[in-house]
Structure formats: C-alpha cells, structure tokens
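Please read the sequence and the coordinates together.

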Amino acid sequence: MFSVKNFVLHYLLLCVSYTCGALNNKRFPDNFLFGTATASYQVEGAWNIDGKGENNWDKVTHSTPSPVRENATGDIACDSYHKYREDVDILKTLGVNHYRFSISWSRILPTGFTNKINQDGLAYYANLIEELKENNIEPVITIFHWDTPQDLENIGGWTNEVIIDLFEKYAELLFKTYGNDVKYWITFNEPKQTCQGGYGSGEMAPVIKSPGIGEYMCVHNVLKAHAKVWHMYNDQFRENQKGHVGITIDTQWAEPNSNSEEDVQAAERFLQFTFGWYANPIINGDYPEVMKKLIADRSEKQGFEKSRLPVFTDEQVEFIKGTADFLGVNYYTTRMVQHTTDPQTMVYDWIADMEIHSYQKDEWPSTASNWLKIVPWGFRKLMNWLKATYSDIPILITENGVSEDGSSLEDDIRIYYFQEHLSNLRDALDDGVNIFGYTAWSLMDNFEWMKGYTEKFGIYSVNFSSPNRIRTPKKSADYFKYVMRTRCLVQESDCVDSV
Ligand code: GBH
C-alpha cells in the first residue's frame, strides 16, 4: 500500500543517504544568503514586562472564550525576550548568514504613538542586533509581523488611515536607532493575513469580520504606509545607511486544473488577487486590472454605489510605484485552481470576488497543518511566474517550511521538505530568477497563531512545559547546517560548482 509515510521514508533512504539523482546538485552561489526566521509575538513572550504595551494578539489571546486552540497565548512563548543570547548561540552553531526577526511595535511605542518611547524595548533589540553582528549574522528585520498596538486597534487599526503616519513615525525611529547596523528592512509580513485574516474573514487578530470591505480598506492603508516608509528611508537614510527596504508577500502557487483557457485564466486571477493585490501597486503601479474590473462589476450588481475596492488617485499610484528594493516571498504550498460555474455574484468577500474554484490534491503529502500539503514543484513555478510578472526585482525567500506534531525529534518530513524545496529553488536560479537568499521558517517551535502550540515549524524544538523553555535541535537542524556549510543539497562529492 502506498502511504505518505512510506513514501517519505523511502525517499529519505534515497536522498538523505545522498544518492538521489533527481535533486539539483549544483552548489548555491557563495553570496547566496541562508538563514532562519521568527516573529516577535510568536517567540518573545514578556508580553507585559519592562514597559511593553498591549497589542492586538495579547488582546485576542486573553479574551474569553478564546478563539485560539487550547486557549494558548504568547505571554511567555519561547521567552526569547530573556533568552535571545541563547537564540543567537544556536544561530551561530547552525552557521546561518542571516536571521529574520520582527520588532514588536508596542514594546517600543506602548501606545503606538511616539509620545512615549519605551527605552527598555529599544534596548532589547539593540542588544539582539549587537549580538548578531558580533557573530557575523546579518539581521533582517520585519517592522510589522501582525502585532498592532491595542490603542491603535481600538480605533480601527489598519482600516483607519490615521495609522499610516504613525507607522511611518515608528519606522523612522527604527531607522534612526538601528539603521547603521541593518541592511535589510521588511515593512510588512504577509499583509494578506493582517488584512484578509484580520478584517475580512476574521480568522486572525483583531478577529473582525468585514468581508469584501474591511479587508480592502486595510490593504489600501497598508500600501500607503509601506510606500511612505520606503520614501522616507530613500530620502533620509539611504545615503548613509545603504540598506534595502522591501515587503514580504505570501501566496500559494496556483496550478491551472487543465490547459483550458478558462482554467489558465482562473489560476492567473488567483495569483493576481493574492499576490498582485500588493505587488502590482508596488512594482507595476495600481491594483491589478482584473481585480479592479471584477470587484467594480460585482459591486455594481450588488447595489453598491462604487466599487468595494478603494481607488488610488494617479498621484498615489505614482507614489506607491517602485517602492520595493527587493521582494520578500513566503511560499508553503500549492492549490489547484479552476474556472467556476458558480460565481456567487451576490456574495461580497475577497474569495468570492476572485470567481474561481480551488482545492488541494489528496495525493499530495499532508502535514500537521490542514492547509499545508507538500508541493515542491509549485515553488519553482511560482519563482518563474514572479520573474515573468515583475521582471528582475531581487527576491528574498523570507519563509518556507513545514509543520509536524512534535512527537519526534526525527523530523524526516522536514528534511524531505527542505531538500525538495531547495532543489526547486536551485532550479529556479538556473532558470534565471533573481533570488538572493532563502530563510527557513522557523528557527524554533513557537506560537502558531490560532493553532497555539499544536503545529510545530521549528528546526529546534522548544519544551513549552519547562520553565526555561529548553531548546533542542531536531534532525533537520543538522541537515540545514550541512546545507549552509557546503551550499550543497546532496552528498558533497556529488556536488558541482555553480557556473
Ligand atoms: C506564515 O503564514 C507566517 O508569516 C508565520 O508567522 C507563520 O507561523 C507561518 O506562516 C506558518 O503558518 O489554519 O486553515 O485557517 C503563512 C500563511 C496564514 C497560512 C494562516 C495558514 C491559516 C489557515 N498562513 N493560515 S487555516
């Protein structure tokens, strides 16, 4: 009987013992960056320590009843606020080139406003950055990974345009304080989760359900805030600090269900609605045409006076266009996409607005996360789509990884996942896609949002019942270390230098 487990084990026998011919055996270029990632709310803990203000995830995890599995919170999480030195030691042992982490806005500005700056919060990240630099690890900083100061959330969070200037002020403080030591800044992590999750479907903090309206308003403000921060860096800091400012966008790859023109277009529509929603304004200018037209048409049929998708003025289009020095991309999985015969014309939400049907194939290997099936070839296809759609903008893979249930440190499934995805990534370099680094999600098991601690993405395990939050390497940590040392996915003797 064919089973995923046997398949994985069989594959591992072939590939972990380094005799697998199908994997790309070219070395990654010397200047290609390898690293791991975390995010503030998921690892720091210390939610009310040393002057940190409350944020939207504190609020949601402390609410009763809690929407989070097992009522988990990030109150302590991995306690990285106290254990950052140990984290950096681990990164050093692994041999990473860079570490991607995020800054908690309310740890630095407890209310989100600049009237009160929390010096202890500023010191925490200064120490972390210093520790990284001393160990030759490049900090890659996400300015916002979903944790909005609660005082701003109370007044509408990302749906209130007041937040745009406040975000700019917050970013300015970061550039002023840390900018000499930081070369890579990411304004937002996955704005789709903040906006569609936070204010559309309500599956993420602040858990507001405003499908087809709140989610579009949120993105409008996020894009304006992103552009403001890029311009501010460009005008005031770039010359001296010589860094790069980008944004991280997530999408699944959309594979057309057939070669029919209708299915091919449906898959393209999925990518435009998911990725182009952000990338098109930032790189090509304005929302994708297909989004503008479809949402306007549907809004009209639904009796709205104007499109539910807000409109940028020509001036705003120009201001937002060209505001990414690089693109951060998070890839985890793939969906099959087909034309739908039921466009649900009267439903207004982002998903219905796409007018597609999508699913994942049963035969794709499953993981501990119900949304994450393992489809490595989707990674290469996505990379090629990015090149075709956004030309040669430099790409940093800011997340890629897989979950298991934590029952064993022998995480063969993760080794298999990394090996296959990195091989497809190496193929994409051969295809001429301009990718300069890869970041594994995650350095360690952490608070997996609404799933609490039940889905583990770490290459290090964390014992959440030990007061000291003991970290232990999983088997995949060894593999990742090997890859970073050799820049090679297979047995070294089978590796060839890149040309
Ligand atoms: C990333 O999101 C995040 O940047 C990171 O913080 C996170 O830990 C990591 O991936 C792993 O999830 O459970 O069916 O409702 C990836 C996008 C958004 C995908 C939330 C899963 C929940 C789907 N994720 N989504 S479901």
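Cys78 has a relative accessible area of 0% and is therefore buried, a term that stands for under 20% relative accessible area, with exposed meaning over 50% and partly exposed the range in between (1.4 Å probe, protein chains only). The model is predicted, so local features need pLDDT of at least 70 and side-chain atom pairs count only at pLDDT 80 or more, while totals for chains, interfaces and linings use all residues. Residues are numbered from 1 along each chain as its sequence is written, and side-chain values use heavy atoms, with hydrogens and water left out.

A disulfide is a pair of cysteine sulfur atoms within 2.5 Å, and this rule gives a count of 2 disulfides. In one of them, the sulfur atoms of Cys195 and Cys218 are 2.0 Å apart. This link of Cys195 and Cys218 is left-handed, with -65° about the S-S bond. Cys195 belongs to helix α9 (residues 191-201) and Cys218 to helix α10 (residues 214-236), so the pair ties together parts that are 23 residues apart in sequence. Helices (H or I, at least four residues) and strands (E, at least two) are DSSP runs, numbered from the N terminus. Both Cys195 and Cys218 are buried.

Cys488 and Cys495 also form a disulfide, with 2.3 Å between their sulfur atoms. It is right-handed because the torsion about the S-S bond of Cys488 and Cys495 is about 125°. Cys488 counts as buried at 0% relative accessibility, and Cys495 counts as buried at 11%.

Next come the aromatic rings. Rings of Phe, Tyr and Trp (its six-membered ring) pair if their centres lie within 6.5 Å; planes under 30 degrees apart count as stacked, over 60 as edge-to-face and the rest as tilted. The count by this rule is 53 aromatic pairs. Trp277 and Trp350 are stacked because their ring centres are 5.8 Å apart and their planes are at 15°. Since Trp277 lies in helix α12 (residues 261-284) and Trp350 in helix α15 (residues 350-354), this pair ties together parts that are 73 residues apart in sequence. Trp277 is buried, with a relative accessible area of 0%, and Trp350 counts as buried at 4% relative accessibility. The aromatic pair of Tyr417 and Phe418 is edge-to-face, at 6.5 Å centre to centre and 75° between the planes. Tyr417 and Phe418 are both buried. Arg426 lies over the face of Phe28, 5.8 Å from the ring centre; for a charge to sit over a ring, NZ of Lys or CZ of Arg must be within 6 Å of the ring centre and within 35 degrees of the ring normal.

How are the strands arranged? A closed barrel of 8 strands runs β1-β2-β3-β4-β5-β7-β10-β11, with parallel pairing; two strands pair if DSSP finds at least two bridges between them. Strand β5 (residues 244-250) and strand β7 (residues 326-330) run parallel and are joined by 5 bridges. Ile247 stands opposite Leu327 in β7. Helix α6 (residues 119-134) packs on the sheet and touches β2 (98-102) and β3 (138-144), where contact means heavy atoms within 4.5 Å. The direction of helix α6 makes about 170° with that of β2; axes are lines fitted to C-alpha atoms, for helices over the stretch in contact, and angles run from 0 to 180 degrees between N-to-C directions. Helix α16 (residues 376-390) also packs on the sheet, touching β7, β10 (395-399) and β11 (435-441), and its direction makes about 140° with that of β10.
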